[in-house]
Amino acid sequence: MTTAAAPPRVPEAIHRRRWAILGTLLLALLVVVLDNSILNVAMKTIATPAPVGLGATQSDLEWSINSYTLVFAGLLFTSGLLGDRFGRKRALLAGMVVFGASSLLSALAASPGELIGYRALMGVGGALVMPATLAIIMNVFERSEQPKAIGIWAGAVGLAIAIGPITGGLLIEHFWWGSVFLVNVPIVVVAVIAMVILVPESKDPNPGRMDPVGVLLSIVGLVALIYGIIKGGELADFTAVEAWAPTLVGVLALVAFVLFERRTAFPALDVTWFRNRVFSASVVVVGVVFFALMGVSFFGVFYVQSVRGYSALQAGVLMLPLAAAQLVFAPRARLVVDRFGVAATAAAGMLLVALGFVGYALLTATTPIWVLVVIGLVMGAGMAHVMPPVTVAIMASLPREKAGAGSAVNNTFRQVGGSLGIAVLGAVLSTVYRDGMSDALTHVPEGLRDKAGESLEATLAIAARIPGGEALIAPANDSFVHAMHVVSVLSVGVSVIGAAAAWFLLPRRSAAPAGPVAGQRGQDRESAAADA
C-alpha cells in the first residue's frame with residue numbers, strides 16, 4: 001500500500017484544531033525561550049550593587065544561567081520518558097506550573113544565591129515543557145504537515161529571541177530587575193488555561209516496564225558532565241580537579257548507561273537508534289551549532305552595552321535582526337529542503353552561521369552599528385535553515401509513540417552543546433582577556449588586581465572606584481574585543497565542522513518517514529500510533 005493511500009493517523013476532532021493546538025504549544029515555548037533571552041539583557045543590571053541590582057559577580061551571573069542549564073539538561077531525557085509513559089499533556093501542564101511559580105520566586109530573590117536556586121527550579125519546569133511541545137506536535141499533525149509545523153515551532157524561537165531582549169530592555173528601563181521574571185507569570189496563566197481546553201492527551205500505548213537504573217544513570221551522567229564542563233569554564237582551567245573529576249564521573253556514568261541500556265530488556269533509551277545515520281548525524285549537528293552560538297551570545301551583550309555603551313533596550317533592538325530572520329525563514333525552510341535536500345540546506349545554513357562569526361571577528365570598538373544588523377540577519381537566516389531540517393530528520397526517524405524520548409534526545413544534545421560552548425569559549429574569552437589586561441593592571445592596588453582582571457565588567461567596576469581608574473577603560477575595551485575575536489575565530493572553525501557533518505552525513509533529499517529506526521528492538525508499532 002502506498003503512503004498516499006494510508007489512512008489518517010490523527011483523529012478528525014484533533015486534526016480540525018491542530019493549528020490552535022500548535023499556537024498553544026508555541027505559547028509554552030515562548031515563555032521558556034523568552035526567559036533566557038530576557039536574562040541576557042538583564043545581566044548587567046543584576047551585576048549592579050543593591051538597590052538597583054543584586055551585586056552579582058561574574059561567577060554569579062554565569063551560575064544564574066548555568067543553574068538553569070544544569071537542571072534543564074540533566075532532566076530533559078527523563079522528562080521526555082515521563083511524558084511518553086504518563087502523558088505529554090500532564091508533563092506540559094506540570095512543567096508550566098513549576099516554571100511560573102519559580103519565575104515568581106526568582107523575581108522576589110533577595111540575593112544572587114536565591115536567584116541561582118530559583119533559576120534551577122525553573123530548569124525543572126523547562127525540562128518538562130520542552131520535550132512535550134515537540135512530541136505533541138508529532139502526534140497532532142499528519143506526516144505531510146509535520147515539516148511545516150516544526151518549521152513554525154523553530155521560527156517561534158526566533159520570535160521569542162526578538163521579543164525577549166526588547167521586552168527585557170523596556171522592563172529594565174522602567175521597573176526593577178525582577179520584572180524580567182515576573183513577566184512570565186501572566187503568560188503561564190494564559191497558556192495553562194489554553195492547554196487544558198485545547199491540547200489532547202497522548203502517550204506511548206506500550207511503554208514497557210520502567211527502567212529506574214537507566215533513568216538514574218542518565219541523570220547522574222548528564223548533571224555531572226555538564227557541571228564539570230561549567231566548572232572548567234568558570235575556572236578557565238579544565239585540568240583543575242573541580243572540573244575534571246565531575247566530568248569524568250559524568251562520562252563514566254553515561255558509558256555505564258549505554259552499556260546497561262544495550263543489555264536490559266526494557267531500556268529507557270533504545271541505543272540502537274544511533275545506528276541510524278540520519279538520527280545520529282542530526283543530533284551531532286544540533287550540538288555543534290549550539291556550541292558555537294551559545295558561547296558567542298554570552299559575550300555579545302557585553303560588547304553592545306559595555307564596549308559600545310548602548311542601553312539594555314537598545315541592546316535588545318540590536319538582537320532583533322537575528323530573531324526576525326529566524327522568524328521569517330524557519331517556517332519556509334521546508335521549501336528549500338524540498339528543492340535542494342536536507343544535507344545541502346543544513347550545510348549551507350551552517351556556512352551562513354560561520355560567515356556571521358567572521359563578521360564578529362572583524363568588529364572593533366568603533367565599527368558602524370549597521371554591521372551588527374547585517375551579522376544578525378546572516379546568522380538568523382543560517383539558523384533558520386539548520387534547526388528545522390535537522391529537527392524533522394530526528395523526529396521523522398523515530399516511531400511516533402517515542403516522540404517524547406526523541407524530542408528529549410534532540411534537546412539534550414542542544415543543551416550539552418550549548419553548555420560546552422559557554423564553558424569552553426567562555427574560558428577562552430576569560431583567559432585571553434586576563435592576559436591582555438596583565439600590563440594595564442599593574443597600577444591597580446594589589447588587593448583588587450585579581451578581581452579587576454576577571455572580566456570587562458569587573459574591570460569597569462574597579463575603574464570607577466579607584467583614582468585614575470579611567471585609564472583602564474581603553475585597554476579593557478581593547479582586550480575584550482581581542483578576546484571576542486579569538487572566540488569568534490574558534491566558532492568559525494566549529495561551524496565549518498558542523499557544515500561538513502551536515503553535508504556528508506545527512507540525507508541528500510529528505511529524512512526517513514516516521515517509523516522504527518534500523519535496529520530497533522521489538523515489534524513494529526506503527527499501527528499503534530493512534531495514541532493522539
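Here are a few notes on the salt bridges and a surface patch in this predicted model.

1. Start with the charged pairs: searching the whole structure turns up two salt bridges. One joins arginine 18 to glutamate 145, with N to O at 2.7 Å. Arginine 18 belongs to helix α2 (residues 18-46), while glutamate 145 sits in the loop between α5 (112-140) and α6 (146-174), so this contact ties together parts that are 127 residues apart in sequence.

2. Worth a look if you care about the surroundings of that pair: arginine 18 has a relative accessible area of 13%, so it counts as buried, because the cut-off for that label is under 20%.

3. The other bridge runs between arginine 90 and glutamate 201, whose closest N and O atoms are 3.4 Å apart. This pair also links distant parts of the chain, 111 residues apart: arginine 90 is in helix α4 (residues 88-107), and glutamate 201 is in the loop between α8 (184-198) and α9 (212-235).

4. How does glutamate 201 count in terms of accessibility? Its relative accessibility is 27%, so glutamate 201 is partly exposed; that class covers the range between the under 20% of buried and the over 50% of exposed.

5. Now for the nonpolar side of things. Leu104, Leu108, Phe175, Trp176 and Leu182 make up a nonpolar surface patch, and together they have about 500 Å² of accessible area.

6. With 33% relative accessibility, leucine 182 is classed as partly exposed, and it qualifies for the patch because members need over 30%.

Conventions: Residues are numbered from 1 along each chain as its sequence is written. This is a predicted model: local features need pLDDT of at least 70, side-chain atom pairs count only at pLDDT 80 or more; totals for chains, interfaces and linings use all residues. Side-chain values use heavy atoms; hydrogens and water are left out. Patches are made of residues with over 30% relative accessible area and no salt bridge: like charges are joined within 9 Å, nonpolar side chains (Val, Leu, Ile, Met, Phe, Trp, Tyr) within 5 Å. Accessible areas come from the Shrake-Rupley method with a 1.4 Å probe; for residues, only the protein chains shown count as cover. A salt bridge is a side-chain nitrogen of Lys or Arg within 4 Å of a carboxyl oxygen of Asp or Glu. Buried means under 20% relative accessible area, exposed over 50%, partly exposed in between (1.4 Å probe, protein chains only). Helices (H or I, at least four residues) and strands (E, at least two) are DSSP runs, numbered from the N terminus.
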